[in-house]
Amino acid sequence: MEASTLAITILWSLLFIYSILGSLDFGAGFWGMIYGKNDQTSASQIANRFLSPTWEVTNVFLVIFVVSVVTFFPFATTLLGSILLVPVGIGLLLLTIRTTFMVFEHHTQKYRELMRLTSGFSGLIIPALLVSILPITLGGFVDFKNDLPVLHYAELITHPTLYMHIAFGLSTELFISAVFLMDYSKEADDWSAYQTFRKHAIWLGPVSIAIAMLTIGTFPTEANWIVENIEDNWLWFGLSVFFFIIGYTLLFIKKRDGVRGWSRLAVTAIILQYGIAIYAYGSAHLPYLVYPHLTVTEGFTNPSTFYPMLIVYGVGFGILIPAFYLFWRLFLKDRRYLKQP
Amino acid sequence: MDIVVMARILFGSSLGFHIIYATIGVGLPVMIIIAEVLHYIKKDSDYALMARRWTKGFAIILAVSIASGTIVGVLISLLFPNFMEIVGQVIALPFQMEIFAFLIEAVFMSIYLYAADRLPPVLRFISIISVALGATASAILITDVHAWMNTPAGFNITPDGSVTDVDTWAAFFNPSFGVTAIHVTLSAYMTVAFIIASIAAIRLMRRGLSTKERNYHKKALTIALYFGAIMSLATAINGHETAQMLHEYNPRKLAAAEGLFETTRYAPLSIGGYTSLEDQRVKYAVEIPYALSFLAGDRLDTEVLGLNEFPEELWPPLYVHVLFNVMVGIGSLLIVVAFFAIFWKHILKREFPGWLLAILAVSGPLAMIAIETGWCFSCIGRQPWTITDVLRTGEAATKSSSVGFLLGLFLTLYITLLFITGFVLRSYFKRNPVSKDLDAAH
């Protein structure tokens with residue numbers, strides 16, 4: 001494998017990890033807000049119990065992704081930095097508000113309601129902003145004026161594909177988080193929360209998959225190249241849909257104790273569904289980072305810097321494996337934590 | 001306003017905001033470890049309470065620190081894309097290592113914060129040590145990039161601007177890495193010690209404290225004073241090495257710091273005053289004969305280069321002399337304060353009078369001012385370069401006209417968050433006063 005292909009594969013893997021963790025994180029924040037005042041179900045407590053110890057780690061994965069883009073593809077920074085300054089800048093601003101308000105909410109009595117609403121709603125706006133980056137790279141929205149890359153906001157904002165991308169991002173976020181929190185509720189023996197999240201997973205599943213398919217239809221004409229590549233990759237996308245059907249069906253199958261839904265297997269199938277889809281989409285996106293201005297090879301750093309970086313990634317994650325294991329045991333497995341009053 | 005100027009203000013204010021929280025985030029875990037160790041040795045529950053309360057404060061600070069650190073990390077690529085293009089090719093390694101250090105800190109912080117009561121003592125101790133190691137390693141690794149900007153190494157640049165002959169490890173171990181990293185770490189430890197001293201001193205100035213409360217705050221103050229004294233002295237010794245590093249690798253910056261125009265042997269050290277371009281000297285300063293030569297080269301006859309050796313367009317702004325003096329002045333003052341307070345308390349064995357507590361109460365904010373002026377000195381003193389003698393700030397910055405819009409938004413955010421953090425910390429510790437925790441413990 002070429003070094004630059006290896007680099008983009010690692011980058012897509014990090015994107016995959018962050019899109020799952022980010023969906024759980026922002027989704028949990030949103031569900032926590034929605035059920036914050038509801039006494040019928042403990043869905044909000046479950047969501048917050050998951051969120052409290054994990055948000056920092058999720059946030060680090062966002063930073064890992066950004067740093068990897070810049071360090072693996074330094075020649076992409078000028079282009080990406082210029083066109084993404086405003087959307088990413090606003091995203092950072094909202095992320096800061098969300099993070100700080102979420103933590104502040106636990107430590108103060110006053111203004112709790114305001115802080116809860118702010119952090120919950122920004123949990124929808126931030127993913128919407130992040131997913132807006134995808135259509136920008138497809139072609140048609142970026143041009144060069146006097147050698148400077150410019151993003152055409154007016155065209156982007158009036159193009160239906162932007163809104164379909166956002167709808168896709170949000171429905172996916174809420175679907176993944178609902179299925180995951182359903183399983184988390186089961187682990188906590190909290191059946192009211194379990195049913196609440198199952199209910200949402202059942203309507204969000206078909207909605208998210210329908211929107212995903214419709215979104216491809218709204219791609220701008222400049223993006224025909226990727227549509228062709230996606231059609232060539234149909235086998236992989238078909239496999240992704242297959243895992244969706246398995247995961248979705250598992251939500252309905254009764255277990256021996258009479259409760260409907262094999263939540264653990266369903267989560268696994270849904271994560272596989274998105275994993276396969278992301279790699280298939282990533283390979284369809286090749287060879288471009290930003291069509292038609294920048295390819296993966298053009299953006300890539302020199303190999304003499306790349307290989308030491310690979311070692312750092314290997315050693316870094318290697319050191320962290322026991323830490324992640326401990327983390328998982330304490331917050332996703334330990335009933336003393338999950339079942340606290 | 002010029003786009004480059006606005007980009008600099010936006011990034012500078014982001015860093016200036018982040019550094020407040022980051023400094024506390026680096027130093028506080030070490031203080032928590034000290035409290036945990038003292039609890040283990042002395043079996044005094046006050047120290048356990050101290051560790052617990054500091055951890056609560058740390059959790060609030062860390063949230064802002066992580067958020068603002070994310071801003072700084074992403075914003076630097078957006079605002080200085082041409083700079084990051086070179087960074088990505090030459091000095092990417094510390095950036096990536098920093099992320100893993102950060103990840104270790106984040107994972108173990110959650111564990112220490114939310115699972116301490118479920119962990120065996122050994123594992124709990126390993127957790128807080130990992131938090132401290134992760135935080136300090138983060139600081140050291142990011143400082144490495146900053147040091148490399150000051151004393152770039154490990155690559156060549158062709159006239160058309162492409163990077164060649166990259167030597168990753170030569171860049172990593174660039175000439176100023178060691179001294180600068182130690183400087184940042186020690187000064188962060190020192191600053192947090194004085195912040196703790198400030199809080200304890202303010203509490204002790206109140207009337208009507210119960211004996212239990214008074215003892216609790218006294219113990220906190222003692223830890224802070226000893227740790228602060230050691231760290232401020234160590235920072236000063238290392239500061240001396242930093243000056244010698246400047247003399248060797250960055251003489252232009254040293255000349256600007258000292259307001260020295262003509263190359264001089266037996267150069268005096270100018271303390272205070274401001275650098276006057278017309279008079280070619282520092283006005284209204286106290287001069288210590290030979291001291292600058294001695295500081296730069298350990299000999300009275302060391303030749304110190306003056307600004308006039310360099311073209312004027314490459315001079316940093318002359319006001320960096322003031323920034324430098326504020327940093328060094330506060331640092332020196334705090335050494336005196338800490339040692340005097342220890343002498344008073346443990347040699348003379350007398351209680352702290354109100355005036356001494358009042359001085360201690362301002363020591364924390366003063367130390368933070370020294371941190372801010374130190375960073376400003378180091379970054380402004382490097383101008384007009386972003387990477388010394390390689391890349392000018394004007395070439396490094398973005399050309400995007402949207403910077404002004406973002407500048408307004410971010411400045412508002414920072415000011416608001418400074419107030420809200422203060423408010424949340426106050427409101428939390430007001431609802432959970434020491435007296436309540438002490439009663440609960442007994």
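Predicted model: local features only at pLDDT ≥ 70, side-chain atom pairs only at ≥ 80, totals over all residues.
Just past the end of α1(B), you will find B:Lys43 with a positive phi of about 50°.

## The nonpolar core

The largest nonpolar core holds 252 residues. The members that touch the most others are A:Val179 and A:Leu181 from chain A, together with B:Ala193, B:Ile196, B:Ala197, B:Ala224 and B:Ala367 from chain B. Helix α2 of chain B, residues 45–79, gives the most to this core, with 19 residues.

Leaving aside residues up to four places away in sequence, B:Ala224 touches B:Ala193, B:Phe194, B:Ile196, B:Ala197 and B:Ala200. Among these partners, B:Ala193, B:Ile196 and B:Ala197 are, like B:Ala224, listed with the core members that touch the most others.

## Where the two chains meet

How many residues does each chain bring to the contact? Chain A puts in 54 residues and chain B puts in 55. On the chain A side, four helices each supply at least two residues: α2 (43–72), α3 (77–107), α13 (303–333) and α14 (335–338). Of these, α3(A) has the largest share of that side, 18 residues.

## A hairpin in chain A

Strands β1 (residues 142–145) and β2 (residues 148–151) of chain A run antiparallel and are joined by four bridges. To find your way along the pair, look for A:Phe144, which stands opposite A:Pro149, and for A:Lys145, which stands opposite A:Leu148.

The hairpin has two residues between its strands, and A:Asn146 takes a positive phi near 50° there.

## Two cis prolines

In chain A, the bond from A:Leu286 to A:Pro287 is cis, with omega near 0°. A:Pro287 sits in the loop between α11 (263–285) and β3 (288–290) of chain A. In chain B, a cis bond joins B:Gln383 and B:Pro384, with omega about 5°. B:Pro384 belongs to the loop between α12 (354–380) and β7 (385–387) of chain B.

Although A:Val296 and A:Leu286 are 10 residues apart along the chain, their C-alpha atoms are separated by 7.4 Å. Is A:Val296 buried or exposed? A:Val296 counts as buried because 20 C-beta neighbours lie inside 10 Å, and the cut-off for buried is 20 or more.

Helix α9 of chain B, residues 251–258, is mostly covered, with eight of its eight residues buried. The buried residues include the charged side chains of B:Arg252, B:Lys253 and B:Glu258, as well as B:Pro251, B:Leu254, B:Ala255, B:Ala256 and B:Ala257. What do they pack against? Their partners are α8 (211–249), β3 (269–271), α10, α11 and α12 of chain B. After α9(B) comes B:Gly259, with a positive phi near 60°.

## Two aspartates with positive phi

Two loop residues in chain B have positive phi without being glycine. B:Asp165 has a phi of about 50° and is placed in the loop between β2 (163–164) and α6 (168–172) of chain B. B:Asp298 has a phi of about 65° and lies in the loop between α10 (291–297) and α11 (320–347) of chain B.

Are these aspartates buried or exposed? B:Asp165 counts as exposed because it has 11 C-beta neighbours inside 10 Å. B:Asp298 counts as exposed too, with 10 such neighbours. The cut-off for exposed is 12 or fewer.

Key. Residues numbered from 1 in each chain as written. Chains lettered and ligands numbered in written order. Core = buried A, V, L, I, M, F, W, Y, C linked by C-beta atoms within 7 Å. Contact = placed C-beta atoms within 7 Å. Pairing = 2+ DSSP bridges.
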